[in-house]
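Visitor: Hi, could you walk me through this one? I'd like to ask things as we go.

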Amino acid sequence: MTPIQLEHTATVLADMLTFKQPADAVLSAYFREHKKLGRQDRHEIAETAFAALRHFQKISAALRRPHAQPRKAALAALVLGRSVNINSIKDWLDDEETEFLSNLKARKTEFSDGLDTASELPDWLIGTLQKHYGEADILAFGRSANQPAPLDVRVNTLKNKRDKVLAELQAEQLDAEATPYSPWGIRFKEKIALNKHPRFLDGTLEVQDEGSQLLALLLGAKRGEIVVDFCAGAGGKTLAVGAMMANKGRIYAFDIAEKRLANLKPRMVRAGLTNIHPERISSETDPRIGRLYGKADRVLVDAPCSGLGTLRRNPDLKYRQSPETLASLQQQQASILAEAAKLVHEKGRLVYATCSILPEENEMQVQRFLDSHPDWHAVDCAALLSSYKIPLDTGVYLRLDSAKHQTDGFFAAVLERKN
């Protein structure tokens with residue numbers, strides 16, 4: 001890092017560490033405003049800014065109101081998160097900054113004593129997790145969630161086979177390997193410029209975490225069926241389901257955000273999928289949904305959630321959520337799940353999923369649905385995955401976490417009506 005890059009990082013952190021906006025949105029806006037920044041500049045700024053997010057508990061323990069002292073926060077991120085030696089940057093520092101960083105390094109042992117600093121999780125989240133987990137599990141979650149995620153992609157089976165594509169990538173000297181669970185997945189241990197790769201441009205590869213790929217398998221959509229992706233977003237799971245259906249049948253991709261659905265359309269074209277029909281809805285009770293009551297073979301509800309299973313990619317989320325936002329999300333999830341169930345015909349399947357690790361959004365949410373809908377039951381996810389020869393048994397529900405499975409944190413429940 002250069003002194004100029006450090007100043008840019010400090011400017012970014014002054015905004016980012018208020019947690020008023022998503023960190024990636026802050027970064028993207030800054031880069032749009034500073035078009036002259038080169039690729040290496042952007043890399044250094046982004047890496048250091050995200051290191052500050054990943055080590056925010058330690059930084060805020062040593063620095064009052066970090067967003068108001070962004071240069072010191074950036075320096076702390078270099079030392080704590082990027083293992084920069086203080087001596088290598090001493091020419092940039094004044095006496096106060098040198099003393100601050102020296103004291104910061106001296107406190108490393110002290111940081112490992114507190115659960116908040118050791119796990120890099122805020123108090124509100126630790127308190128929520130302690131209702132369900134012991135200290136060792138909380139620490140394991142925090143530490144695994146604080147590691148940068150690898151890059152997972154899905155091979156579009158309409159275009160090619162995974163083994164062939166993987167061999168091509170390895171022949172290019174890329175550090176790629178097959179994902180252990182998804183039969184379509186490839187994992188890059190290091191980030192690459194995938195959006196410029198020929199196999200991405202021709203629709204063979206699509207960015208998608210392995211855990212997300214497994215949701216399409218649990219949905220089990222077949223050719224010719226009617227499928228609803230109730231909260232489609234930008235459509236990563238929609239595309240996987242479309243390929244699984246061999247481009248035959250009909251997928252309704254619903255979402256309340258026009259912008260997210262607009263992002264889906266070029267992805268559909270690149271993937272060669274014509275069986276997806278994006279449609280913006282105003283809410284889960286939009287009257288237009290009524291035409292599908294009792295008609296869908298499969299319905300996927302990837303519910304709005306806290307996103308705490310994606311902290312490897314979005315470390316700022318744990319500071320942008322709270323007990324209040326969590327309570328609001330739970331109400332929304334319950335409403336969406338109840339409305340989505342109305343679309344499923346009597347022999348159909350409903351999959352409820354989140355990218356959260358909190359039981360309040362997951363098991364407890366499903367149990368409330370089952371209690372109020374006694375004609376439904378949960379299907380064993382482990383048995384369904386076993387039918388695809390996938391050796392993954394997390395019980396009746398799919399529960400994935402970064403520490404055990406090297407995926408994002410995911411939860412899924414497969415629900416069907418009782419005979």
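**A walk through the model**

Guide: UniProt, in an unreviewed entry, places the feature "domain: SAM-dependent MTase RsmB/NOP-type" at residues 141-418. UniProt positions are given in the numbering used here, feature names are shortened, and annotations may be inferred rather than shown by experiment. This is a predicted model, where local features need pLDDT of at least 70, side-chain atom pairs count only at pLDDT 80 or more, and totals for chains, interfaces and linings use all residues. Residues are numbered from 1 along each chain as its sequence is written, and side-chain values use heavy atoms, leaving out hydrogens and water.

Visitor: How much helix and strand is there over residues 141-418?

Guide: That stretch is 35% helix and 23% strand. Helices (H or I, at least four residues) and strands (E, at least two) are DSSP runs, numbered from the N terminus.

Visitor: Which residues does the "binding site" annotation cover?

Guide: In the unreviewed UniProt entry, the annotation covers Asp255 and Asp302. They are spread over 48 residues of sequence but cluster in space, with a largest C-alpha distance of 10.7 Å. Asp255 sits in strand β6 (residues 250-255).

Visitor: New topic: at what angle do α3 and α5 cross?

Guide: The axes of helix α3 (residues 39-54) and helix α5 (residues 70-81) cross at roughly 85° and come within 8 Å. Axes are lines fitted to C-alpha atoms, for helices over the stretch in contact, and angles run from 0 to 180 degrees between N-to-C directions. So α3 is roughly perpendicular to α5 (65 to 115 degrees; under 35 is roughly parallel, over 145 roughly antiparallel, the rest oblique).

Visitor: Which residues of α3 meet α5?

Guide: Thr48, Ala51 and Ala52 in α3 meet Ala73, Ala74, Ala77, Leu78 and Gly81 in α5, where contact means heavy atoms within 4.5 Å.

Visitor: And how far apart are the centres of domain 1 and domain 2?

Guide: Their centres, taken over C-alpha atoms, are 36 Å apart. The contact takes nine residues from domain 1 and six residues from domain 2. The domain assignment gives domain 1 as 3-113 and domain 2 as 210-417, with bounds from an automatic or database assignment.
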